[in-house]
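Dear colleague,

Please find below the structure that I am handing over to you, followed by an account of what was found in it.

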Protein chains: 2
Amino acid sequence: MNPTPKTARRTIRVVIGEDQGMVLGALAALLEIENDISVVGRGRNGKEALQAVLDQKPDVFITDIEMPHMSGLEVAAELKRRRSSARVIILTTFARAGYLRRALDAGASGYLLKDMRAEQLAEAVRRVHQGLRVIDPELATEAWSEADPLTDRERQVLRLAGDGKQSGEIAADLNLSEGTVRNYLSEAISKLGAANRIEAARIARTKGWL
Amino acid sequence: MNPTPKTARRTIRVVIGEDQGMVLGALAALLEIENDISVVGRGRNGKEALQAVLDQKPDVFITDIEMPHMSGLEVAAELKRRRSSARVIILTTFARAGYLRRALDAGASGYLLKDMRAEQLAEAVRRVHQGLRVIDPELATEAWSEADPLTDRERQVLRLAGDGKQSGEIAADLNLSEGTVRNYLSEAISKLGAANRIEAARIARTKGWL
DNA sequence: TTAACTACCTGACATTTGTCACTTTCTCCA
DNA sequence: TGGAGAAAGTGACAAATGTCAGGTAGTTAA
C-alpha cells in the first residue's frame, strides 16, 4: 500500500510480542501492508516472544509490557543480557514514567503508546532499525521528573494491600509482624501523599512503580 | 488473502469504534485484507463512532466498550433506540458477565474478546451480517449465572471507596452520614463475600458491576 | 573507627473501618 | 387498605488500620 522508501535496501524483519490475539494479528496485518517490513515471528506471552526473538534473530522486536509469564520489560532486559542484536520497541497502553525508565534501562530503543496513530508504527520501526530512538514525546519530558521513592519492602507490602489483603495476611505472607506491615504502609502512604493504603496503591500503580 | 466465501454477494460495510489509535488502524488493516469486507468509517471515541454509524449506515458496527465520552455499550443502546439497522459486535478486553448482559440488553449481536485469534474476527463479521449471534463461548455459559446483587447506593459508595476515598469524604460527596456509608460498604462486602472494601471493589469491578 | 545515613523491623496508642440491631420510607399486590 | 418486602438511613460497639517513637543492622565518607 505504501511505497517502499528509497532508503530501504532489504526487508526489515520483525517479531511481535502481544498477549491479546486480536491485537497481535491486527498489528501483524498492519505491518505486512508495508513492502519493506515482514513479520517473521509472534509470541502470545513473554516466554514465547523471547524464544521467537532468539530463534528468528529479527531486526526489530515490538512488544507489549503486560503479558503472562514474563513482562515485555523483563524480555527486553533478558535480550540485553544475552547481547541480542534485535532493537526493542515497547508498545503499550500505559503512559507511565516508571515504565519508560525501566524500558530505557533495559536497552529499549523505542517506547510508543497504543493510542498513537497506526500509521506511525511502520515509521517507528524504520527509524529504530536505522539506530534512532523513538520515544513518545509526551512521556519523554516527564520521564525523569520523579523517582520512585518506595523501598523494596514498601513496594511488596503495598502491592498486596492493593489486592485487598489485610495487614495480618500480608504479615504472614512475608514473615513479618503485623506492626511492621502497618508501618511500611504508613511510610508508603506518607511518601505518596495518600490518605490510606488504597489510594497509595492506586497512585503507585499510575506511576508505574508497582 | 482469504478467498471470498461463496455466500458473499456484495461487500460487507463495517464501522469500527476504538479509542486506541494503533489498535483501531490495525483492526482496519486486518479486515481490509478480506475481499468481502470494507471499513467505511472509524471513531476514536463513543460520540465519533455513533456519528460514523449514523452517517455511513454500515452493515456491521464493531466497538470497544471503554472509550471516552460514551462507552460502546451506551452507543449500542442509542443505536437500538434509533432503530439503526447496523448489527453490533462488542470487542473488548474484559470477560465480564455484567458487560455481556448489558451488551445483549442493548441489542448487540456479538460479544468477542480481544484475546481471541485474529482470524476469527472476519468470520464473526460474516456470521453477524447473516443475522446470527456470535458470543464468546466461555462467557456465554457464565453470563446468566450471577446477577448484580448491589443496590444503586451500594454501587455508588463502593465505586468511591475503590478510589481510596474514606468514609467521611464519601458521606460528604453523597450527603449521607458517615455511619450510613459504612453500612452500605458493610452490606456490599458481605454480599460479595469480600474481607474489606478494597477487595469488594475489586470483585465488583471484575464482574462488570461498577 | 566513628558519625551519618539508610533500610528494615517492632509494639503501643489513636483513628478509621466493619458489624449489627434498629427506624423510616416507598412500592406492590391480595 | 393494610401488610409484606426492599431499599435508604442511623448510631453504638468491636476490629482493623494508621501513626509514632524507637531499636537493629549494614554502608558510605570524613
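A residue is called buried under 20% relative accessible area, exposed over 50%, and partly exposed in between, with a 1.4 Å probe and protein chains only. By that criterion, buried residues make up 51% of the 210 residues in chain A.

This is a predicted model, in which local features need pLDDT of at least 70 and side-chain atom pairs count only at pLDDT 80 or more, while totals for chains, interfaces and linings use all residues. Residues are numbered from 1 along each chain as its sequence is written, chains are lettered from A and ligands numbered from 1 in the order in which they are written, and side-chain values use heavy atoms, with hydrogens and water left out.

Chain A as a whole

Chain A has 10 helices and 6 strands; these are DSSP runs numbered from the N terminus, helices being H or I with at least four residues and strands E with at least two. Taken along the principal axes, the C-alpha atoms of chain A fill a box of roughly 65 × 35 × 30 Å. The chain is divided into domain 1 (6-142) and domain 2 (152-207), with bounds that come from an automatic or database domain assignment. Over C-alpha atoms, the centres of domain 1 and domain 2 of chain A are separated by 33 Å. A contact here means heavy atoms within 4.5 Å. Among contacts in chain A between residues at least 6 apart in sequence, 65% join residues at least 24 apart.

Relation of the two copies

The same surface serves both copies, as 100% of the contact residues of chain A recur in chain B.

Surroundings of the DNA

A residue is near a strand if one of its heavy atoms lies within 4 Å of it. DNA strand C is surrounded by 17 residues, of which the closest are Thr151(A), Arg153(A), Thr180(A), Tyr184(A) and Arg197(B). Of the atoms of DNA strand C within 4 Å of the protein, 60% belong to sugar or phosphate and the rest to bases. A polar contact is a pair of N or O atoms within 3.5 Å; within protein, one must be able to donate a hydrogen and the other to accept it, and residues adjacent in sequence count only if both atoms are side-chain atoms. Phosphate oxygens of DNA strand C lie 2.8 Å from a polar side-chain atom of Thr151(A), 2.9 Å from one of Ser186(B) and 2.3 Å from one of Arg197(B). The elements that give two or more residues to this surface are helix H7 (152-162) and H9 of chain A together with H9 of chain B.

DNA strand D is surrounded by 16 residues, the closest being Arg182(A), Arg197(A), Arg153(B), Thr180(B) and Tyr184(B). Sugar and phosphate account for 64% of the atoms of DNA strand D that come within 4 Å of the protein. Asn183(B) has a polar side-chain atom 3.0 Å from a base oxygen of DNA strand D.

Individual residues

Thr92(A) lies in strand S4 (residues 87-92) of chain A and counts as buried because its relative accessibility is 0%. Its side chain reaches the backbone nitrogen of Phe94(A) at 3.1 Å.

Ser84(B) is found in the loop between helix H3 (72-81) and strand S4 (87-92) of chain B, and is partly exposed, with a relative accessible area of 28%. A polar atom of the Ser84(B) side chain lies 3.1 Å from the backbone nitrogen of Ala86(B). Not counting residues up to four places away in sequence, Ser84(B) touches Val53(B) and Leu79(B).

Yours sincerely
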